[in-house]
Amino acid sequence: MGYGPIGEVNVQPDSPDKTPLTGQAAVRFVEQTLGWPMEVLRGFPKFVFIETVNQCNSNCIMCAIDFRKKKKRLMPEALYDRILAELKPRAPHLERVGLYLDCEPLLDPHLEDRLRKLKQIGIRRTYLNSNASLLYPERAQGLIEAGLDMIYITIDSLKKDRYESIRRGLKFDDVYRNTVELIGIRNRLNPKVVIRIQMILQQVNCDESDAFMRHWKRLVSADDQVMVRRAHNWGGQMPLGSPAGTDEVNMVPCIAIWSTLGIHVDGSVNLCCIDSGNSVQLGNVNSRSIAEIWHGEELRRIRDLHLNGRRAEIPICDGCTTWAKRTVSS
């Protein structure tokens with residue numbers, strides 16, 4: 001969980017003396033990386049996560065979220081409808097809306113209905129991030145028929161024992177079968193649905209990337225994605241290492257705070273999809289609109305720190321490798 005929609009960033013600034021980007025140079029970095037001018041980005045998020053259930057059925061070794069501390073909750077339909085009412089007039093502005101955050105979204109029994117509502121209000125691209133353990137054929141068909149446009153599935157090894165040591169609580173045979181069957185169902189119902197199959201590279205599976213790529217590229221279509229990505233450090237919450245050191249990451253502003261907003265099952269909004277511990281609370285959509293939170297004083301203060309080369313003053317931003325370039329191959 002926690003992998004966002006906006007890609008990866010080269011964290012090497014153009015400055016030869018290795019000083020942080022600031023001012024207009026930092027603004028240009030954000031604009032060029034995301035592909036929109038700052039006035040568009042400041043208006044409203046381009047990418048929205050909605051967490052409709054707050055649980056996961058796996059205890060992954062590279063995940064910083066402790067689901068044992070959470071009591072299972074589903075987002076109330078009234079709150080979901082409130083969110084959609086604000087998104088509807090902004091549908092042309094939105095790039096994607098995803099029904100996941102800190103969760104396995106297929107634990108929500110109403111997921112198909114919620115997807116259908118997104119398409120009814122004009123959302124162009126809907127997507128999910130799933131471990132596929134519950135993606136049985138009937139659910140795969142239901143999601144595609146409801147309007148799913150893209151799904152990310154993470155399978156961290158093609159070796160049963162190794163996979164199950166990483167994604168603790170899941171069964172490799174179920175995940176593999178469900179994923180292969182999804183590809184066939186997609187091909188039959190809607191070939192335009194994009195499937196992204198990825199592996200999170202870490203010490204236990206570091207020898208598998210080439211075999212993983214070859215295996216899945218034979219099974220998916222040319223428009224699908226197969227990726228191997230290094231694990232990120234969850235904003236410093238996990239000591240997993242990174243292709244970029246802390247100092248390099250801190251030289252550029254994070255792009256997520258100008259593009260992405262995540263709404264938790266209770267309506268709360270934290271700084272980003274990595275802030276599962278609620279270290280920076282921005283507001284709650286039960287009492288404030290998404291637009292008010294997006295233009296709020298706290299987020300404005302944090303953006304100013306990032307644009308002035310001072311992101312390290314925010315603990316969860318200090319050395320966070322989430323958006324640093326982590327793709328090994330694609």
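## A briefing on strands, helices and aromatic pairs

Ala132 counts as buried because its relative accessibility is 0%; buried means under 20% relative accessible area, exposed over 50% and partly exposed in between (1.4 Å probe, protein chains only). Welcome to a predicted model, in which local features need pLDDT of at least 70, side-chain atom pairs count only at pLDDT 80 or more, and totals for chains, interfaces and linings use all residues. Residues are numbered from 1 along each chain as its sequence is written, and side-chain values use heavy atoms, with hydrogens and water left out. Helices (H or I, at least four residues) and strands (E, at least two) are DSSP runs, numbered from the N terminus.

**Positive phi values**

- Let us stay with Ala132 for a moment: this residue sits in the loop between strand S4 (126-130) and helix H5 (137-146).
- Its phi is near 70°, a positive value in a residue other than glycine.
- Most residues other than glycine have a negative phi.
- Asn278 also has a positive phi, near 60°, and belongs to the loop between strand S10 (268-270) and strand S11 (281-284).
- With a relative accessible area of 36%, Asn278 is partly exposed.

- Strand S7 (residues 194-201) is mostly covered, with eight of its eight residues buried.
- One side of S7 carries Val194, Arg196, Gln198 and Ile200, the other Ile195, Ile197, Met199 and Leu201, and all of these are buried.
- S7 runs parallel to strand S5 (residues 150-154), joined to it by five bridges; two strands pair if DSSP finds at least two bridges between them.
- Thr154 has Gln198 as its bridge partner in S7.
- Six bridges pair S7 with strand S8 (residues 225-230), again in the parallel sense, and Met199 stands opposite Val228 in S8.
- Together, S7, H8 and S8 make a right-handed β-α-β unit; right-handed means that, with the strands pointing away from the viewer, the path from the first strand over the helix to the second runs clockwise.

- Helix H8 (residues 209-217) has Ser209, Phe212, Met213, His215 and Trp216 as its buried residues.
- These residues cover an arc of only 170° around the axis, so they are on the same side of H8; the arc is that of the directions from the helix axis to the C-beta atoms.
- Asp210 and Arg214 are exposed on the face of H8 turned away from its buried side.
- In helix H3 (residues 77-87), the buried residues are Leu79, Tyr80, Ile83, Leu84, Glu86 and Leu87.
- Seen down the axis of H3, they fall within an arc of 160° and so line one face of the helix.
- An α-helix has 3.6 residues a turn, so residues three or four places apart point the same way.
- Ala78 and Ala85 are exposed on the other side of H3.
- The buried residues of H3 pack against S1, S3, H4, strand S9 (260-263) and helix H10 (290-294); contact means heavy atoms within 4.5 Å.

**Aromatic rings**

- The structure holds seven aromatic pairs; rings of Phe, Tyr and Trp (its six-membered ring) pair if their centres lie within 6.5 Å, and planes under 30 degrees apart count as stacked, over 60 as edge-to-face and the rest as tilted.
- The pair of Phe49 and Tyr100 is edge-to-face, because the ring centres are 5.3 Å apart and the planes are at 85°.
- Phe49 lies in strand S1 (residues 47-50) and Tyr100 in the loop between strand S3 (96-98) and helix H4 (111-120), so the pair ties together parts that are 51 residues apart in sequence.
- Both Phe49 and Tyr100 are buried.
- Tyr176 and Trp216 form a tilted pair, 5.3 Å centre to centre with 45° between the planes.
- Tyr176 lies in helix H7 (residues 172-189) and Trp216 in helix H8, so this pair ties together parts 40 residues apart in sequence.
- Trp216 is buried at 0% relative accessible area, whereas Tyr176 counts as partly exposed at 23%.
- One aromatic cluster is formed by Phe49, Tyr100, Tyr127 and Tyr152.
- The charged end of Arg96 sits over the ring of Tyr127, 5.9 Å from its centre; a charge sits over a ring if NZ of Lys or CZ of Arg is within 6 Å of the ring centre and within 35 degrees of the ring normal.
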